[in-house]
Amino acid sequence: MRIDILTLFPDMCEAFLSESIIGRARAAGLVDIRCTNIRDYAGNKHNRVDDYPYGGGTGMVMQPGPIYDCYQAVRGDRDCHLIYLTPQGKTLTQERVKELAQMDDLVLLCGHYEGVDERVIEEIVDEELSIGDYVLTGGELPALVLADSISRMLPGVLANEDAFTEESHYGHLLEYPQYTRPPEWRDREVPEVLLSGDHGRVDRWRLEQAVERTLERRPDLLEAAEEAGELTTEEQDILRDRKS
Ligand code: 9WO
């Protein structure tokens, strides 16, 4: 899969994408992520890409021309899906991440200043996505969040394909608590069951913890899963045991 990020801050994006698991995945050729500077398509000698908003008001708006030209250059003759990261978009979900991970050519458009001229959004944007209800100074961090969430779903990117299967098993539940060495730290002990070596008891305990946490912190997730008939019989048992 190829992901292009169109941004005024390619170095900031590149710095994140060169590190850790995504950096390794790129080096291994598992995902092709490229950052392109919209300013390279300013088309004027002062390299201007923004201007005052028609109708007045504070700040600056990104002009349509450089964004359009940048996109056409990056696209070439490929058929791309262009996503604009904005608080006005639909909220990103893991389900949408999995669907996007099936696509071949994604382009992520990062806005800056007070926004982007509406006409270029109408002209080239296929989808608007938000990563949550807050405002940032630009779309770079949301684009990196999206690129990260998609990349980890690609075959071979995660060391253990476990995270994959676990995720589908615990899809509508929050994660169970995790522990590592030492077995005692600041008077806090690792739950005995995890040291028991009894995999059946461990699995059961983890599922109970996941259900307990979800009921406490995100009851909406369980309700939705129950509604959609997505609860396993084991999960239904735990919920029933708990109520009695
Ligand atoms: C800033 C601003 C200042 C004064 C008056 C109006 C204003 N609007 C904005 C604004 O929305 N700026 C955005 C900054 C323009 C598009 C890129 N920016 C952005 C994207 N901020 N937050 C996001 C974002 C994207 C996806 N999910 C969450 C947040």
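In this predicted model, arginine 204 and aspartate 241 form a salt bridge whose closest N and O atoms are 3.6 Å apart. Arginine 204 belongs to helix α9 (residues 199-217) and aspartate 241 to helix α11 (residues 233-243), so the pair ties together parts that are 37 residues apart in sequence. Arginine 204 is partly exposed, its relative accessible area being 27%. Aspartate 241 also counts as partly exposed, at 48% relative accessibility.

Another salt bridge links glutamate 14 with arginine 26, with 2.8 Å between the closest N and O atoms. Here the residues sit in helix α1 (residues 10-17) and helix α2 (residues 20-27) respectively, so this pair ties together parts that are 12 residues apart in sequence. Glutamate 14 is partly exposed, because its relative accessibility is 28%.

Arginine 2 and aspartate 4 are joined by a salt bridge between their side chains, 2.8 Å from N to O. Both arginine 2 and aspartate 4 are buried. The structure holds 16 salt bridges. Through shared partners, salt bridges connect Arg2, Asp4, Arg78 and Asp105 into one network.

| Salt bridge | N to O distance |
|---|---|
| Arginine 204 and aspartate 241 | 3.6 Å |
| Glutamate 14 and arginine 26 | 2.8 Å |
| Arginine 2 and aspartate 4 | 2.8 Å |

**Cysteines**

How many disulfides does the structure hold? The count is zero. A disulfide is a covalent bond between the sulfur atoms of two cysteines. For cysteine 35, the nearest cysteine sulfur belongs to cysteine 13 and is 5.0 Å away. A disulfide requires the two sulfur atoms to be within 2.5 Å, so cysteine 35 is in no disulfide. Cysteine 35 counts as buried, with 19% relative accessibility; the limit for that class is under 20%.

Cysteine 70 is likewise in no disulfide, the nearest cysteine sulfur being that of cysteine 110, 10 Å away. The relative accessibility of cysteine 70 is 0%, which means that this residue counts as buried.

**Asparagine 37**

Cysteine 70 is also among the contacts of asparagine 37, a residue of strand β2 (residues 32-37). Apart from neighbours within four places in sequence, asparagine 37 touches Thr7, Leu8, Pro10 and Cys70. A polar atom of the asparagine 37 side chain lies 2.9 Å from the backbone nitrogen of arginine 39.

**Nonpolar surface patch**

Which residues form a nonpolar patch on the surface? They are Phe9, Met12, Tyr134, Leu136 and Leu141, and together they have about 460 Å² of accessible area. Of these residues, leucine 136 is located in the loop between β7 (127-130) and α6 (140-151). Leucine 136 has 38% relative accessibility, so it counts as partly exposed.

**Tyrosine 170**

Tyrosine 170 is placed in the loop between α7 (162-169) and β8 (184-185). Is tyrosine 170 buried or exposed? Tyrosine 170 is buried, because its relative accessible area is 13%, and the class takes in values under 20%. Leaving out neighbours within four places in sequence, the contacts of tyrosine 170 are Tyr176, Asp203, Arg206, Leu207 and Ala210. By C-alpha position, tyrosine 170 is separated by 41 Å from glutamine 72, and the two residues are 98 residues apart along the chain.

**Backbone geometry**

The loop between α7 and β8 also contains proline 182. The peptide bond between arginine 181 and proline 182 is cis, with omega about 5°.

Tyrosine 113 is not a glycine either, and has a positive phi of about 60°. Tyrosine 113 is found in the loop between β6 (105-110) and α5 (118-124). Its relative accessibility is 33%, so tyrosine 113 counts as partly exposed.

Note on methods: Residues numbered from 1 in each chain as written. Predicted model: local features only at pLDDT ≥ 70, side-chain atom pairs only at ≥ 80, totals over all residues. Heavy atoms only, no water. Patch = residues over 30% accessible without salt bridge, like charges linked within 9 Å, V, L, I, M, F, W, Y side chains within 5 Å. Areas by Shrake-Rupley, 256 points an atom, 1.4 Å probe, with all protein chains shown as cover. Salt bridge = Lys/Arg side-chain N within 4 Å of Asp/Glu carboxyl O. Helix = DSSP H or I, 4+ residues; strand = E, 2+ residues; numbered from the N terminus. Buried < 20%, exposed > 50% of the residue type's maximum accessible area, 1.4 Å probe, protein only. Polar contact = N/O pair within 3.5 Å; in protein donor to acceptor, adjacent residues only side chain to side chain. Contact = heavy atoms within 4.5 Å.
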